[in-house]
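User: I am new to this structure. Please show me how to read its features, one at a time.
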Amino acid sequence: MFFISLKSSQNSTVHHISSSQSSSSSPVGRFSVPQFQSFNSVAMALVLHAPASNKNALKALVAAEYVGVKLELAPSFQMGVTNKSPEFLNVNPLGKVPALETPEGPICESNAIARYVARLKDAGLFGTSTFEEAQIDQWCDFSSMEIYTGVARWGYPRFGMGVYNPEVEQMAILASKRAFECLNKHLAARTFVVGHSVTIADIILTCNLLFPFEQVLTKEFTSSYPHVERYFWTMVNQPSFKKVVGKIIQTDGPLPPPPSKGEAQALVPAQVHPQPHGRHTHKEKVPKQKEMPKPAEAPKPVEAPKPVENDDEEDAPVKKSKNPLDFLPPSPMVMDNWKRLYSNTKAKDFHLAISGFWEMYDPEGYSLWFCDYKHNDENQVTFVTMNKVGGFLQRMDFIRKYAFSKMCILGESSPYSIKGVWLFRGTEIPQMVKDECYDVELYDWTKVDITQEDQKALVNAYFEEPDEIQGMKLLETKCFK
(Lines give C-alpha, C1' and ligand atoms only; values in the text may rest on other atoms or scores of the structure.)
Protein backbone atom coordinates (compact mmCIF):
# COMPACT_ATOMS: atom_id res chain seq x y z
CA MET A 1 0.00 0.00 0.00
CA PHE A 2 1.50 3.34 -1.01
CA PHE A 3 0.36 6.93 -0.61
CA ILE A 4 1.10 10.37 -1.92
CA SER A 5 1.87 12.83 0.82
CA LEU A 6 1.91 16.41 -0.44
CA LYS A 7 2.65 18.80 2.35
CA SER A 8 3.73 22.37 2.94
CA SER A 9 5.59 23.97 5.79
CA GLN A 10 3.18 26.90 5.74
CA ASN A 11 -0.06 25.76 7.40
CA SER A 12 -0.97 23.29 4.70
CA THR A 13 -3.03 20.18 4.71
CA VAL A 14 -1.85 16.70 3.76
CA HIS A 15 -3.45 14.79 0.93
CA HIS A 16 -3.21 11.00 0.71
CA ILE A 17 -3.80 8.93 -2.41
CA SER A 18 -3.74 5.16 -2.06
CA SER A 19 -2.31 2.68 -4.52
CA SER A 20 -1.38 -0.97 -4.57
CA GLN A 21 1.65 -0.71 -6.84
CA SER A 22 5.28 -0.73 -5.73
CA SER A 23 8.21 1.58 -6.36
CA SER A 24 11.92 1.76 -6.00
CA SER A 25 14.24 4.73 -5.79
CA SER A 26 17.61 5.80 -7.02
CA PRO A 27 19.51 8.97 -6.04
CA VAL A 28 20.13 11.79 -8.47
CA GLY A 29 22.20 14.53 -6.81
CA ARG A 30 20.44 15.31 -3.55
CA PHE A 31 17.04 14.37 -4.98
CA SER A 32 15.62 10.92 -4.30
CA VAL A 33 14.11 9.65 -7.53
CA PRO A 34 11.68 6.72 -7.19
CA GLN A 35 11.00 4.76 -10.37
CA PHE A 36 7.32 4.18 -11.10
CA GLN A 37 4.84 3.81 -13.92
CA SER A 38 2.12 6.25 -12.89
CA PHE A 39 1.60 9.25 -10.60
CA ASN A 40 -0.65 7.35 -8.22
CA SER A 41 1.78 4.52 -7.66
CA VAL A 42 4.33 6.06 -5.36
CA ALA A 43 4.77 7.64 -1.97
CA MET A 44 6.04 11.13 -2.67
CA ALA A 45 6.48 14.68 -1.49
CA LEU A 46 6.88 17.57 -3.94
CA VAL A 47 9.59 19.97 -2.82
CA LEU A 48 10.14 23.33 -4.49
CA HIS A 49 13.68 24.69 -4.26
CA ALA A 50 13.59 28.49 -4.44
CA PRO A 51 13.18 31.56 -2.23
CA ALA A 52 9.55 31.93 -1.13
CA SER A 53 9.36 35.42 -2.66
CA ASN A 54 10.66 34.40 -6.09
CA LYS A 55 7.98 35.24 -8.67
CA ASN A 56 8.87 32.15 -10.70
CA ALA A 57 8.29 30.00 -7.63
CA LEU A 58 4.96 31.71 -7.08
CA LYS A 59 3.68 30.29 -10.38
CA ALA A 60 3.86 26.74 -9.02
CA LEU A 61 2.64 27.72 -5.56
CA VAL A 62 -0.46 29.44 -6.95
CA ALA A 63 -1.11 26.56 -9.35
CA ALA A 64 -0.93 24.20 -6.38
CA GLU A 65 -3.60 26.22 -4.59
CA TYR A 66 -5.93 25.98 -7.59
CA VAL A 67 -5.59 22.21 -7.97
CA GLY A 68 -5.57 21.48 -4.23
CA VAL A 69 -2.01 20.15 -4.01
CA LYS A 70 0.45 21.51 -1.48
CA LEU A 71 4.11 22.05 -2.24
CA GLU A 72 6.82 21.98 0.38
CA LEU A 73 9.34 24.79 0.07
CA ALA A 74 12.91 23.65 0.66
CA PRO A 75 13.94 24.99 4.09
CA SER A 76 16.75 27.53 4.53
CA PHE A 77 17.12 28.18 0.81
CA GLN A 78 19.57 31.04 0.22
CA MET A 79 19.69 32.60 -3.22
CA GLY A 80 23.28 32.87 -4.35
CA VAL A 81 24.38 30.16 -1.95
CA THR A 82 22.13 27.11 -2.18
CA ASN A 83 21.72 27.38 -5.93
CA LYS A 84 25.51 27.55 -6.36
CA SER A 85 26.20 24.41 -4.38
CA PRO A 86 27.53 21.32 -6.22
CA GLU A 87 24.38 19.40 -5.28
CA PHE A 88 22.10 21.97 -6.86
CA LEU A 89 24.30 22.41 -9.93
CA ASN A 90 24.14 18.68 -10.44
CA VAL A 91 20.40 19.15 -10.95
CA ASN A 92 20.48 22.43 -12.88
CA PRO A 93 23.97 23.33 -14.16
CA LEU A 94 22.79 26.92 -14.75
CA GLY A 95 22.01 27.35 -11.05
CA LYS A 96 18.63 28.84 -11.83
CA VAL A 97 15.56 28.62 -9.62
CA PRO A 98 13.03 27.25 -9.10
CA ALA A 99 13.65 23.52 -9.29
CA LEU A 100 10.99 21.00 -8.36
CA GLU A 101 11.81 17.72 -6.68
CA THR A 102 9.49 14.97 -7.93
CA PRO A 103 9.56 11.17 -7.63
CA GLU A 104 10.61 10.89 -11.27
CA GLY A 105 13.39 13.40 -10.96
CA PRO A 106 13.87 17.16 -10.87
CA ILE A 107 12.03 19.62 -13.13
CA CYS A 108 13.52 23.00 -13.99
CA GLU A 109 12.10 26.06 -15.77
CA SER A 110 9.26 27.79 -13.92
CA ASN A 111 6.60 27.47 -16.63
CA ALA A 112 7.25 23.75 -16.96
CA ILE A 113 7.04 23.34 -13.19
CA ALA A 114 3.76 25.28 -13.02
CA ARG A 115 2.29 23.18 -15.84
CA TYR A 116 3.36 19.97 -14.12
CA VAL A 117 1.75 21.00 -10.83
CA ALA A 118 -1.41 22.18 -12.61
CA ARG A 119 -1.80 18.75 -14.21
CA LEU A 120 -1.63 16.80 -10.94
CA LYS A 121 -5.40 17.18 -10.63
CA ASP A 122 -7.98 18.14 -13.22
CA ALA A 123 -9.09 21.64 -12.24
CA GLY A 124 -9.79 22.95 -15.74
CA LEU A 125 -6.55 24.92 -15.94
CA PHE A 126 -5.81 23.77 -19.50
CA GLY A 127 -8.98 24.83 -21.28
CA THR A 128 -11.72 22.77 -22.85
CA SER A 129 -10.23 21.94 -26.24
CA THR A 130 -6.98 21.38 -28.09
CA PHE A 131 -7.30 24.87 -29.56
CA GLU A 132 -7.69 26.48 -26.13
CA GLU A 133 -4.71 24.50 -24.84
CA ALA A 134 -2.63 25.91 -27.70
CA GLN A 135 -3.84 29.41 -26.86
CA ILE A 136 -2.86 28.84 -23.24
CA ASP A 137 0.65 27.89 -24.35
CA GLN A 138 0.71 31.00 -26.54
CA TRP A 139 -0.12 33.37 -23.67
CA CYS A 140 2.27 31.62 -21.30
CA ASP A 141 5.08 32.28 -23.78
CA PHE A 142 3.85 35.83 -24.47
CA SER A 143 3.79 36.74 -20.79
CA SER A 144 7.34 35.50 -20.26
CA MET A 145 8.98 36.62 -23.50
CA GLU A 146 7.13 39.90 -24.14
CA ILE A 147 5.66 41.20 -20.88
CA TYR A 148 8.25 40.17 -18.31
CA THR A 149 11.35 40.35 -20.50
CA GLY A 150 10.57 43.88 -21.66
CA VAL A 151 10.00 45.24 -18.16
CA ALA A 152 13.00 43.32 -16.79
CA ARG A 153 15.31 44.88 -19.40
CA TRP A 154 13.91 48.23 -18.33
CA GLY A 155 13.98 47.79 -14.55
CA TYR A 156 16.80 45.37 -13.74
CA PRO A 157 19.69 47.72 -14.65
CA ARG A 158 18.13 50.39 -12.42
CA PHE A 159 18.41 47.97 -9.51
CA GLY A 160 21.98 46.99 -10.28
CA MET A 161 21.09 43.76 -12.07
CA GLY A 162 22.87 44.55 -15.32
CA VAL A 163 24.70 47.29 -17.17
CA TYR A 164 22.68 50.46 -17.55
CA ASN A 165 22.43 51.83 -21.08
CA PRO A 166 19.92 54.64 -21.73
CA GLU A 167 19.39 53.61 -25.35
CA VAL A 168 18.67 50.02 -24.35
CA GLU A 169 16.31 51.29 -21.66
CA GLN A 170 14.32 53.32 -24.19
CA MET A 171 14.03 50.31 -26.46
CA ALA A 172 12.84 48.23 -23.50
CA ILE A 173 10.22 50.85 -22.61
CA LEU A 174 8.90 50.88 -26.18
CA ALA A 175 8.83 47.09 -26.25
CA SER A 176 6.92 47.05 -22.96
CA LYS A 177 4.37 49.52 -24.28
CA ARG A 178 3.79 47.40 -27.39
CA ALA A 179 3.33 44.28 -25.28
CA PHE A 180 0.91 46.01 -22.91
CA GLU A 181 -1.05 47.48 -25.82
CA CYS A 182 -1.42 44.00 -27.29
CA LEU A 183 -2.53 42.51 -23.96
CA ASN A 184 -4.87 45.43 -23.24
CA LYS A 185 -6.63 44.99 -26.59
CA HIS A 186 -6.97 41.25 -26.04
CA LEU A 187 -8.54 41.74 -22.59
CA ALA A 188 -10.99 44.44 -23.69
CA ALA A 189 -13.88 41.96 -23.86
CA ARG A 190 -12.41 39.19 -21.73
CA THR A 191 -12.15 38.44 -18.04
CA PHE A 192 -9.45 35.79 -18.55
CA VAL A 193 -6.89 35.45 -21.31
CA VAL A 194 -8.33 32.14 -22.58
CA GLY A 195 -11.88 30.84 -22.13
CA HIS A 196 -14.29 31.72 -19.36
CA SER A 197 -12.35 30.68 -16.27
CA VAL A 198 -8.85 30.82 -14.79
CA THR A 199 -6.23 28.78 -16.66
CA ILE A 200 -2.54 28.19 -16.13
CA ALA A 201 -1.98 31.05 -18.60
CA ASP A 202 -3.64 33.48 -16.17
CA ILE A 203 -1.52 32.17 -13.31
CA ILE A 204 1.74 32.54 -15.21
CA LEU A 205 0.80 35.91 -16.71
CA THR A 206 -0.25 37.38 -13.37
CA CYS A 207 2.94 36.19 -11.67
CA ASN A 208 4.93 37.77 -14.49
CA LEU A 209 3.09 41.03 -13.82
CA LEU A 210 3.94 41.12 -10.12
CA PHE A 211 7.46 42.54 -10.49
CA PRO A 212 6.34 45.16 -13.05
CA PHE A 213 3.45 46.40 -10.90
CA GLU A 214 5.28 46.29 -7.58
CA GLN A 215 8.65 47.65 -8.64
CA VAL A 216 8.63 49.37 -12.05
CA LEU A 217 5.25 50.47 -13.42
CA THR A 218 3.54 53.37 -11.69
CA LYS A 219 -0.12 54.25 -12.07
CA GLU A 220 0.90 56.87 -14.62
CA PHE A 221 2.11 54.09 -16.92
CA THR A 222 -0.55 51.43 -16.30
CA SER A 223 -3.51 53.84 -16.54
CA SER A 224 -3.02 53.76 -20.31
CA TYR A 225 -3.95 50.08 -20.19
CA PRO A 226 -7.19 49.94 -18.13
CA HIS A 227 -8.07 46.38 -19.15
CA VAL A 228 -4.68 45.12 -18.01
CA GLU A 229 -5.17 46.94 -14.71
CA ARG A 230 -8.64 45.47 -14.25
CA TYR A 231 -7.36 42.02 -15.10
CA PHE A 232 -4.35 42.21 -12.79
CA TRP A 233 -6.27 43.42 -9.73
CA THR A 234 -9.01 40.89 -10.39
CA MET A 235 -6.49 38.05 -10.49
CA VAL A 236 -4.37 38.99 -7.47
CA ASN A 237 -7.55 39.31 -5.41
CA GLN A 238 -8.71 35.79 -6.23
CA PRO A 239 -8.62 33.73 -3.01
CA SER A 240 -6.07 31.22 -4.34
CA PHE A 241 -3.76 34.03 -5.44
CA LYS A 242 -4.19 36.15 -2.34
CA LYS A 243 -3.40 33.19 -0.09
CA VAL A 244 0.02 32.89 -1.75
CA VAL A 245 1.04 36.45 -2.66
CA GLY A 246 -0.74 38.43 0.04
CA LYS A 247 -1.63 42.08 -0.49
CA ILE A 248 -0.12 43.68 -3.59
CA ILE A 249 0.80 47.36 -3.56
CA GLN A 250 1.60 49.09 -6.82
CA THR A 251 4.76 51.18 -6.81
CA ASP A 252 4.08 54.90 -6.55
CA GLY A 253 7.55 56.30 -7.08
CA PRO A 254 9.94 56.62 -10.01
CA LEU A 255 12.69 54.10 -10.61
CA PRO A 256 15.94 54.82 -8.77
CA PRO A 257 18.72 56.47 -10.77
CA PRO A 258 21.23 54.15 -12.42
CA PRO A 259 23.47 52.80 -9.65
CA SER A 260 27.21 53.14 -9.59
CA LYS A 261 29.31 50.07 -10.18
CA GLY A 262 29.87 49.58 -6.47
CA GLU A 263 26.15 49.74 -5.73
CA ALA A 264 25.36 47.38 -8.56
CA GLN A 265 27.73 44.80 -7.17
CA ALA A 266 26.28 45.19 -3.68
CA LEU A 267 22.79 44.16 -4.76
CA VAL A 268 21.87 40.50 -4.96
CA PRO A 269 19.45 38.84 -7.40
CA ALA A 270 16.99 37.91 -4.66
CA GLN A 271 16.25 41.58 -4.09
CA VAL A 272 14.82 42.00 -7.55
CA HIS A 273 12.05 39.56 -6.74
CA PRO A 274 9.70 41.31 -4.29
CA GLN A 275 8.36 39.82 -1.12
CA PRO A 276 4.80 38.51 -1.49
CA HIS A 277 3.43 41.57 0.27
CA GLY A 278 5.51 43.93 -1.85
CA ARG A 279 6.70 45.93 1.15
CA HIS A 280 10.45 45.73 0.67
CA THR A 281 12.10 48.12 -1.74
CA HIS A 282 15.56 48.29 -3.18
CA LYS A 283 16.05 51.77 -1.85
CA GLU A 284 15.65 50.51 1.68
CA LYS A 285 18.05 47.61 1.28
CA VAL A 286 21.03 49.46 -0.17
CA PRO A 287 21.63 51.72 2.84
CA LYS A 288 21.12 48.77 5.18
CA GLN A 289 24.05 47.04 3.52
CA LYS A 290 26.20 50.10 4.05
CA GLU A 291 25.33 50.14 7.74
CA MET A 292 25.95 46.43 8.26
CA PRO A 293 29.57 46.90 9.48
CA LYS A 294 28.17 48.58 12.62
CA PRO A 295 27.98 45.76 15.18
CA ALA A 296 25.85 47.84 17.54
CA GLU A 297 22.88 47.58 15.16
CA ALA A 298 22.96 43.78 15.09
CA PRO A 299 20.87 43.34 18.27
CA LYS A 300 18.16 45.68 16.96
CA PRO A 301 16.52 43.08 14.71
CA VAL A 302 16.18 40.90 17.80
CA GLU A 303 13.76 43.53 19.13
CA ALA A 304 11.47 42.82 16.18
CA PRO A 305 9.05 40.79 18.35
CA LYS A 306 7.70 44.09 19.67
CA PRO A 307 5.97 45.09 16.42
CA VAL A 308 4.95 41.47 15.94
CA GLU A 309 3.20 41.60 19.29
CA ASN A 310 1.45 44.75 18.14
CA ASP A 311 0.28 42.92 15.05
CA ASP A 312 -1.19 40.20 17.26
CA GLU A 313 -2.99 42.86 19.25
CA GLU A 314 -4.50 44.18 16.05
CA ASP A 315 -5.86 40.77 15.18
CA ALA A 316 -7.48 40.23 18.57
CA PRO A 317 -9.82 43.14 19.40
CA VAL A 318 -9.33 44.99 16.06
CA LYS A 319 -8.97 48.15 18.10
CA LYS A 320 -5.81 49.46 16.46
CA SER A 321 -7.34 49.30 13.00
CA LYS A 322 -10.25 51.52 14.06
CA ASN A 323 -11.94 52.77 10.93
CA PRO A 324 -11.93 56.58 10.47
CA LEU A 325 -15.66 56.36 9.74
CA ASP A 326 -16.20 55.20 13.31
CA PHE A 327 -15.13 58.66 14.48
CA LEU A 328 -17.84 60.49 12.53
CA PRO A 329 -20.56 62.19 14.58
CA PRO A 330 -23.31 59.75 15.62
CA SER A 331 -26.18 59.34 13.19
CA PRO A 332 -29.78 58.35 13.93
CA MET A 333 -29.60 56.06 10.91
CA VAL A 334 -28.12 52.62 11.53
CA MET A 335 -26.81 50.88 8.41
CA ASP A 336 -27.55 47.40 9.73
CA ASN A 337 -31.19 48.30 10.33
CA TRP A 338 -31.59 49.33 6.71
CA LYS A 339 -29.82 46.23 5.42
CA ARG A 340 -31.98 44.02 7.62
CA LEU A 341 -35.15 45.72 6.40
CA TYR A 342 -34.17 45.37 2.74
CA SER A 343 -33.01 41.76 3.11
CA ASN A 344 -36.19 40.68 4.86
CA THR A 345 -38.48 42.29 2.30
CA LYS A 346 -39.74 40.27 -0.65
CA ALA A 347 -39.04 41.68 -4.10
CA LYS A 348 -42.71 42.44 -4.75
CA ASP A 349 -42.78 44.53 -1.58
CA PHE A 350 -39.57 46.51 -2.15
CA HIS A 351 -41.65 49.69 -2.30
CA LEU A 352 -42.39 49.23 1.39
CA ALA A 353 -38.70 48.90 2.21
CA ILE A 354 -37.96 52.01 0.16
CA SER A 355 -40.53 53.96 2.14
CA GLY A 356 -38.78 52.83 5.32
CA PHE A 357 -35.41 53.85 3.87
CA TRP A 358 -36.41 57.47 3.36
CA GLU A 359 -37.83 57.60 6.86
CA MET A 360 -34.49 56.56 8.36
CA TYR A 361 -32.14 58.24 5.85
CA ASP A 362 -29.86 60.86 7.46
CA PRO A 363 -28.24 63.15 4.84
CA GLU A 364 -25.90 64.59 7.48
CA GLY A 365 -24.49 61.19 8.41
CA TYR A 366 -24.78 59.36 5.07
CA SER A 367 -24.61 60.13 1.37
CA LEU A 368 -26.01 58.57 -1.80
CA TRP A 369 -24.00 58.35 -5.02
CA PHE A 370 -24.87 57.34 -8.58
CA CYS A 371 -22.13 55.52 -10.44
CA ASP A 372 -21.87 55.05 -14.20
CA TYR A 373 -19.16 52.88 -15.80
CA LYS A 374 -16.94 55.00 -18.05
CA HIS A 375 -16.35 52.35 -20.70
CA ASN A 376 -19.83 50.95 -21.32
CA ASP A 377 -19.11 50.72 -25.05
CA GLU A 378 -16.76 47.83 -24.25
CA ASN A 379 -19.46 45.74 -22.57
CA GLN A 380 -20.18 43.46 -25.53
CA VAL A 381 -20.51 40.13 -23.70
CA THR A 382 -22.98 39.61 -20.85
CA PHE A 383 -20.91 37.28 -18.66
CA VAL A 384 -17.82 39.49 -19.00
CA THR A 385 -19.90 42.50 -17.99
CA MET A 386 -21.29 40.62 -15.01
CA ASN A 387 -17.77 39.58 -14.01
CA LYS A 388 -16.71 43.23 -14.00
CA VAL A 389 -19.45 44.06 -11.52
CA GLY A 390 -18.77 40.97 -9.43
CA GLY A 391 -15.06 41.75 -9.24
CA PHE A 392 -15.79 45.36 -8.28
CA LEU A 393 -18.05 44.31 -5.40
CA GLN A 394 -15.55 41.70 -4.28
CA ARG A 395 -12.84 44.32 -4.03
CA MET A 396 -15.18 46.61 -2.06
CA ASP A 397 -15.63 44.01 0.66
CA PHE A 398 -13.46 45.98 3.11
CA ILE A 399 -16.09 48.77 3.23
CA ARG A 400 -19.11 46.45 3.58
CA LYS A 401 -19.86 47.57 7.15
CA TYR A 402 -20.22 51.17 6.01
CA ALA A 403 -21.84 50.83 2.58
CA PHE A 404 -24.81 49.48 0.66
CA SER A 405 -25.26 49.32 -3.10
CA LYS A 406 -27.45 48.15 -5.94
CA MET A 407 -25.48 47.65 -9.16
CA CYS A 408 -27.41 47.09 -12.37
CA ILE A 409 -26.56 45.83 -15.85
CA LEU A 410 -28.85 47.51 -18.33
CA GLY A 411 -29.65 47.00 -22.01
CA GLU A 412 -31.49 44.56 -24.24
CA SER A 413 -28.42 44.01 -26.39
CA SER A 414 -24.77 44.97 -26.39
CA PRO A 415 -23.16 47.24 -25.50
CA TYR A 416 -24.53 46.91 -21.99
CA SER A 417 -24.47 49.68 -19.39
CA ILE A 418 -23.28 49.30 -15.82
CA LYS A 419 -24.96 51.75 -13.48
CA GLY A 420 -25.86 51.79 -9.83
CA VAL A 421 -26.36 53.64 -6.58
CA TRP A 422 -24.21 53.53 -3.43
CA LEU A 423 -24.99 54.49 0.13
CA PHE A 424 -21.89 55.45 2.13
CA ARG A 425 -21.37 56.43 5.75
CA GLY A 426 -20.32 60.07 5.70
CA THR A 427 -21.14 62.91 3.37
CA GLU A 428 -18.44 62.02 0.82
CA ILE A 429 -17.11 58.86 -0.79
CA PRO A 430 -14.77 57.51 1.94
CA GLN A 431 -11.13 58.20 1.17
CA MET A 432 -10.23 54.57 1.86
CA VAL A 433 -12.51 53.54 -1.00
CA LYS A 434 -10.63 55.82 -3.38
CA ASP A 435 -7.28 54.56 -2.07
CA GLU A 436 -7.98 50.84 -1.84
CA CYS A 437 -10.31 50.01 -4.73
CA TYR A 438 -8.96 50.63 -8.20
CA ASP A 439 -12.40 50.13 -9.81
CA VAL A 440 -13.65 53.42 -8.37
CA GLU A 441 -11.65 55.25 -11.03
CA LEU A 442 -13.51 53.36 -13.76
CA TYR A 443 -16.81 55.01 -12.82
CA ASP A 444 -18.23 58.50 -13.00
CA TRP A 445 -19.67 59.41 -9.60
CA THR A 446 -22.52 61.87 -9.00
CA LYS A 447 -23.76 62.77 -5.55
CA VAL A 448 -27.51 62.36 -5.22
CA ASP A 449 -29.43 65.54 -4.46
CA ILE A 450 -32.47 64.24 -2.59
CA THR A 451 -34.22 67.58 -3.01
CA GLN A 452 -34.52 66.73 -6.71
CA GLU A 453 -37.48 64.40 -7.21
CA ASP A 454 -36.07 62.86 -10.40
CA GLN A 455 -32.87 61.83 -8.61
CA LYS A 456 -34.82 60.48 -5.66
CA ALA A 457 -37.02 58.50 -8.07
CA LEU A 458 -33.92 57.01 -9.71
CA VAL A 459 -32.65 55.84 -6.31
CA ASN A 460 -36.05 54.20 -5.78
CA ALA A 461 -35.80 52.49 -9.14
CA TYR A 462 -32.39 50.98 -8.38
CA PHE A 463 -33.70 49.68 -5.05
CA GLU A 464 -37.01 48.41 -6.47
CA GLU A 465 -35.65 46.63 -9.59
CA PRO A 466 -38.33 47.50 -12.16
CA ASP A 467 -38.27 46.05 -15.68
CA GLU A 468 -36.66 49.22 -17.03
CA ILE A 469 -34.39 51.91 -15.59
CA GLN A 470 -33.83 55.14 -17.52
CA GLY A 471 -35.47 53.57 -20.57
CA MET A 472 -33.13 50.56 -20.58
CA LYS A 473 -34.12 46.98 -19.89
CA LEU A 474 -32.91 45.69 -16.51
CA LEU A 475 -30.78 42.66 -17.36
CA GLU A 476 -29.11 41.83 -14.03
CA THR A 477 -28.75 43.29 -10.54
CA LYS A 478 -26.24 42.72 -7.77
CA CYS A 479 -26.79 43.85 -4.20
CA PHE A 480 -23.88 44.81 -1.94
CA LYS A 481 -24.96 44.66 1.67
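Analyst: Start with a definition: two strands pair if DSSP finds at least two bridges between them. This is a predicted model. With that rule, six strands form an open sheet in the order 12-9-11-10-14-13, and the pairing is antiparallel.

User: Which strands are the edge strands there?

Analyst: Strand 12 (443–447) and strand 13 (468–469) are the edge strands, and each pairs on one side only.

User: What holds strands of a sheet together?

Analyst: In general, strands of a sheet pair through backbone hydrogen bonds, either parallel or antiparallel. Take strand 9 (residues 366–373) and strand 11 (residues 417–425): seven bridges join them in the antiparallel sense. Within this pair, D372 stands opposite K419 in strand 11.

User: In what order do the strands of the four-strand sheet run?

Analyst: The order is 6-5-7-8 in an open sheet, and here the pairing is mixed. Its edge strands are strand 6 (72–73) and strand 8 (105–108), each pairing on one side only. Helix 3 (residues 110–118) packs on this sheet and touches strand 5 (47–49), strand 7 and strand 8. The direction of helix 3 makes about 120° with that of strand 8.

User: How many bridges join strand 7 to strand 8?

Analyst: Four bridges join strand 7 (residues 99–102) to strand 8, and the two run antiparallel.

User: Which residues in helix 4 and helix 6 meet?

Analyst: From helix 4, they include I136, W139, I147 and Y148. From helix 6, they include I204, L205, L209 and F211. By class, this contact has 16 nonpolar residues, four polar and no charged.

User: At what angle do the axes of helix 5 and helix 8 cross?

Analyst: The axes of helix 5 (residues 166–187) and helix 8 (residues 226–236) cross at roughly 75° and come within 7 Å. So helix 5 is roughly perpendicular to helix 8. In this contact, F180, L183, N184 and L187 of helix 5 meet P226, H227, V228, R230 and Y231 of helix 8. Six of the contact residues are nonpolar, two polar and one charged.

User: How many residues line the largest pocket?

Analyst: The lining has 23 residues, with W233, I248, D435, E436 and C437 nearest the centre of the pocket. The space in the pocket is about 790 Å³. Helix 8, helix 15 (382–395) and helix 16 (431–436) each supply at least two lining residues. By class, the lining has seven nonpolar, five polar and 11 charged residues.

User: Last, the backbone. Where is the peptide bond to P98 placed, and is it cis or trans?

Analyst: The bond from V97 to P98 is cis, with omega near 5°. P98 lies in the loop between helix 2 (86–91) and strand 7. Look also at S414 to P415: that peptide bond is cis, with omega near 0°. P415 is in the loop between strand 10 (403–410) and strand 11.

User: Is phi of S76 positive or negative?

Analyst: Phi of S76 is positive, near 55°, in a residue other than glycine. S76 sits in the loop between strand 6 and helix 2.

Definitions and conventions
Residues numbered from 1 in each chain as written. Predicted model: local features only at pLDDT ≥ 70, side-chain atom pairs only at ≥ 80, totals over all residues. Heavy atoms only, no water. Contact = heavy atoms within 4.5 Å. Axes fitted to C-alpha atoms, helices over the stretch in contact; angles between N-to-C directions. Parallel < 35°, antiparallel > 145°, perpendicular 65-115°, else oblique. Nonpolar A, V, L, I, M, F, W, Y, C, P; charged D, E, K, R; others polar. 1 Å grid on protein atoms, 1.4 Å probe; cavity = no way out; pocket = protein on both sides within 12 Å on 5 of 7 lines; lining within 4 Å. Points joined across faces, edges and corners; volume = space filled by probe spheres on them.
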